[in-house]
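Please work through the following exercises with the sequence and the structure at hand, trying each task before reading its solution.

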Amino acid sequence: MDYLKTVVPSQLMAERGANLVVINPGSTNVRMGLASQDMPFNVPHCIARHKNDAGKLSVRDQRLNCRAGSTHNAEREKAYDIIASLLKIPFLNEVSSAENQPLPPKMGRVDGLSSQQNKDDSKLTWTDVMDKSIKSSTSIDADEDPSQSTSDDGKRPNSEEMKYKEMIFGEDALKIPPSASYCLSRPIRRGHFNISQNYPLHQVLEDLRTIWNWMLTEKLLINPKDRNLYSVILVLGETFDNREIKEMLSIVLGDLGFSTAVVHQEALAAAFGNGLSTTCVVNIGAQVTQVVCVEDGVALPHTALALPYGGDDISRCLLWVQHRHRTWPSFKTEPMKRPMDMLMLNKIKEAYSQIRSGSFDAVAHVHSYEHEKSVGQQKTRLSALSVPPMGLLYPRLLIPEEYPPPPRPWFQDCDDMLEDTWQTNDGVSGNGGLGAWDSYQMLPTRLKKFDNIGLVEAIVSSVLSTGRVDLQRKLFCSIQLVGGVASTAGLAPVLEQRVLNTIPSNQPVERVVVLQSGRNPLFIPWKGGVILGVLDIGRDAWIHREDWIKNGVHVGSGRKYKDSYFLQSQIMCYYNT
């Protein structure tokens, strides 16, 4: 302990972080890096595999409800008008009269605010899916003319052969030309494994293992044979259930070969990443928004809320708003079918979306990726840029995709004791009719999910559920925004005002503060995982590879667990330590 009092923090990170890998997987991106690094690698969480059959680019399990019905559209238009009245901008039925004007009289020009925003207007380029391979001289056809294949020294040279890359990762996978015969897969969606009839569990796990192995090898430069010298920290969101956590532990300890591993909650890591012990963590991700309160370094499980929308929904809403204003070029933009279009939309949203009162438009370069050989470009006006991010407060403006539910076998695994009860011959549940966890002394709290409440109501509900006035006051004065959408300009002051106005009048709360972070809010949970790992001296909660394989799974039996009661209680101990 005396050493910890005198050591320089940067030296401590360098010493203890050199063999410590921190992984923070998300629905859209995965953040991974050594604890000794200042910033992690942030890579799209996807993989594209080459298909042998001649066909076009396909996206696995992309059966989405892309077309909203009349009821959805009516609710969306109503939400738009509510936001318009708050922001003092024209209502939706009033925009048609001014749609042909080149520029409004009071237009916010944001295209010249910073060099980074100008960079985001740059054209995306298609990924080269071909790879060169050396064809040895022994494989040259026998009927080839020897005079044309023999060098001056009389030896037959090796030749180059072009073939498709078997696998493509990260952003390159999102930029594969539509005509290329690849299948794009995203193993995590809306905070859970992306399991469906078209995307079985074993393939999800294989894709996770392959993506993480590629990042470890190509980005972190860690050789597979040396991974037994490294430990890993999994910083996981509260949406993952116990079995998903177990599967990810099996990947890092069994498949990837790390020596030890530990799991930390994303909300707790976010608090440590900002140096806070008591805070209300609001994690606005790409597809899920989570609200969790932390008191004295302990995440309060009964305060956890999950909202099924995030940055991707704001990007699609941005496109819908521009179509309604008729400011979007005549390009055929299909973000749900062409990943390249979604990538472009996200970049435009990150560069231009912000919340402010009054009419706020901008000029941006929009590109068309409808035709592979010629990428169209048009300088256009983007209107009502404050409306899409306000969808976080009025979620009816955001219409998330409707996904098919996971197949029932995922929940009916006889060795998965999380949800189901085991039946006796007389049909009575072996634990008295309760779920397997309901009779266990460490009852895991189900994460509450709400589809139609806004972010403001979720924050107020989460904080008030603590039940203590002194703690509520602390939490309302320590609201922490993390995640990519947290960087949206103007979001923090709007939340402060709206949360204060939403608190019931009988609550003795006079002040609400949304804290500003000095770090990039996207990487705060990852950085918190680094701090938790470096400061964890005793490592009592760490799981050793040998113990996990011996006590956790039957080797070679497809990850069927020996004792689900023992194993899941063990995981919950690690998860809540």
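**Exercise 1.** In this predicted model, determine how helix 6 and helix 7 are oriented to each other, and which residues make their contact.

*Solution.* Begin with the axes of helix 6 (residues 201–219) and helix 7 (residues 242–255), which come within 11 Å and cross at roughly 45°. Angles under 35 degrees count as roughly parallel and those from 65 to 115 as roughly perpendicular, and the two helices are therefore oblique to each other. As for handedness, helix 6 passes helix 7 in a right-handed crossing. The contact is formed by Leu201, Leu205, Leu208, Arg209 and Trp212 on helix 6, together with Arg243, Glu247, Met248, Ile251, Val252 and Asp255 on helix 7. Sorted by class, this contact of helix 6 with helix 7 has seven nonpolar, no polar and four charged residues.

**Exercise 2.** Find the order of the strands in the open sheet of six strands, and explain why one side of strand 3 and of strand 23 is left without a neighbour in the sheet.

*Solution.* The six strands follow the order 3-2-1-12-13-23, and their pairing is mixed. Strand 3 (41–44) and strand 23 (543–544) stand at the edges with a single partner strand each, so one side of each has no neighbour in the sheet. Turning to another part of the order, strand 1 (residues 20–25) and strand 12 (residues 231–236) run parallel and are joined by four bridges, and Val22 stands opposite Ile233 in strand 12.

Notes:
Residues are numbered from 1 along each chain as its sequence is written. This is a predicted model: local features need pLDDT of at least 70, side-chain atom pairs count only at pLDDT 80 or more; totals for chains, interfaces and linings use all residues. Side-chain values use heavy atoms; hydrogens and water are left out. Axes are lines fitted to C-alpha atoms, for helices over the stretch in contact, and angles run from 0 to 180 degrees between N-to-C directions. Angles under 35 degrees count as roughly parallel, over 145 as roughly antiparallel, 65 to 115 as roughly perpendicular and the rest as oblique. A crossing is left-handed if the near helix is turned anticlockwise from the far one by less than a right angle, and right-handed if clockwise. Contact means heavy atoms within 4.5 Å. Ala, Val, Leu, Ile, Met, Phe, Trp, Tyr, Cys and Pro count as nonpolar, Asp, Glu, Lys and Arg as charged, and the others, Gly among them, as polar. Two strands pair if DSSP finds at least two bridges between them.
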